[in-house]
Amino acid sequence: MRDLVQNVYQAKDTETALNLLNQHQSEAKILAGGTDLIIQMREGNVSPPVLIDISSIHETREIKEQSNTIELGSTATFTDIEKHILFNHCLSAIAKAARSIGSPQIRNRATVGGNLCNASPAADMLPPLLAMDAMVVLKSKHQTRVLPLSEFVTGKEQTLLQVDELLEKIRFQNLTSNEGLGFSKLGIRNALAIARLSMAVYLEWDENHMCKNVRIASGALGLNAQREWDVERFMKGKHLNNSLFAEVAALLEESTMKRLAGRNTMNFKRYAVQGVFKQALDEALEGMDRRKDS
Amino acid sequence: MKKAVFNVNNKEYMVEIEEDLRLLDLIRNTLNLTGTKEGCGEGECGACTVLMDGEVVNSCLVLAFQAEGKKIETIENLDREDGTLHPIQQAFLEEGAVQCGFCTPGMVLSAKSLLDKNPAPSKHDIRESISGNLCRCTGYNKIAEAIEKAAETLKKEESDSGTARRGTK
């Protein structure tokens, strides 16, 4: 990669980063934790002439809640997320997803913004944030756009991010008392594992345990992390009980077989998807039991 | 080329760097601090672990210019002014936690980052803290035991000297 990078900037605030992006447009690449980009550069897959480092910007690293809306700054690291008090209790599935990533060294650098903008099929933060119906706030020098995360990611490593835009933050509603979120990931070992399969389940129930709303997102089950719209439609309005869960598991197996037809992982994932779904579901339902008891 | 100032082991260095120089290469080749090792070069093995503002990072996945304004600590900073080893290093020797030694600088720094923040770690905390450092010789048990022993020693030093401990519990 020698000689290819001509200019590097360590931006200390968003405004500086946006001005630099506006100036250099497609010549520039945003560098945050670097845990993907630096490898890509060394392998010669990307060779940006200009690098804009945003890992030292404090304002985009904040994680906060305001009137039930959680704002997750794009340069928050996975360590920031895993340790944040907001993700300690009801939203612990988000901390769990962050903790499942890489190693302490990776989690200290890698950012949630980088995870979303790289949009790897196995990106670990995508399923839980998709299940929370998160919005992304994209900023350029001249405008701010807010998009649903489900529309932002358009394919394998493809997003709607424009060359002069920066993902500033991710926004979603915190859970209320009759909602729960669960996350489960299957890797080949505990540390440093890339997800073979991951799933996040968001549930809203009424006092009779009827499924008022559900959002399910999967990772590494296709070209990009995605919402499982068919399964969601099937579950809505039905009673949350074991016979429903068995039907859903069968539905997931069927769709996995279709989606991964011809891939050698299909035969493994058609079964694994059911177990991973069950674990994420159980975690989402834990909230139901906890709140019922209290 | 670009002029840059780095704080490594509490010393300021003003050097000229290539724009895409990695922190690892700055440390090893520019500053000649060769205690930091390069293993895989892609963030898997942890041999290049250094502390940046007290947190472990893989120096192969940080570009040097990103480290400007941060405090970098490498293995060379650990031994004490009187030339004796840091209790973590001493415990590694005593427990037989070093075989080929290639992973050791990274292991020791991961252990230091843990013990600076958590002077009384559980066995699980210890294993978690070195989960980003691969060792192909020891099988990890002796390393985990060494870190436990170092925690004891540091605790004892602390109570002997009666000074305030760094970091938070």
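This is a predicted model: local features need pLDDT of at least 70, side-chain atom pairs count only at pLDDT 80 or more; totals for chains, interfaces and linings use all residues.
User: Hi! What makes S11 and S12 of chain A a strand pair?

Analyst: Happy to go through that one. Two strands pair if DSSP finds at least two bridges between them. S11(A) and strand S12 (residues 197–205) of chain A have eight bridges, in the antiparallel sense, so they count as a pair under that cut-off. Phe183(A), for instance, has Ala200(A) in S12(A) as its bridge partner.

User: Why are S11 and S14 of chain A said to stand at the edges?

Analyst: The open sheet runs S11-S12-S13-S14 in chain A, with antiparallel pairing. Strand S11 (179–186) and strand S14 (226–227) each have a single partner strand, so one side of each is left without a neighbour in the sheet.

User: Which helix lies across S11 and S12 of chain A?

Analyst: That is helix H4 (residues 92–99) of chain A, which runs at about 15 degrees to S11(A).

User: Over in chain B, how do you know that domain 1 and domain 2 touch?

Analyst: The domain assignment gives domain 1 (2–75) and domain 2 (87–161) in chain B. Contact requires C-beta atoms within 7 Å, and 15 residues of domain 1 are in contact with twelve residues of domain 2. The C-alpha centres of these two domains are separated by 22 Å.

User: Which strand gives the most to the side of domain 1 of chain B that touches domain 2?

Analyst: S3(B) does, with three residues. Strand S3 (49–52) and strand S4 (55–58) of chain B each supply at least two residues of that side. The residues there divide into seven nonpolar, six polar and two charged.

Definitions and conventions. Residues are numbered from 1 along each chain as its sequence is written. Chains are lettered from A and ligands numbered from 1 in the order in which they are written. Domain bounds come from an automatic or database domain assignment. Two residues are in contact if their C-beta atoms, placed from the backbone, lie within 7 Å. Helices (H or I, at least four residues) and strands (E, at least two) are DSSP runs, numbered from the N terminus. Ala, Val, Leu, Ile, Met, Phe, Trp, Tyr, Cys and Pro count as nonpolar, Asp, Glu, Lys and Arg as charged, and the others, Gly among them, as polar. Axes are lines fitted to C-alpha atoms, for helices over the stretch in contact, and angles run from 0 to 180 degrees between N-to-C directions.
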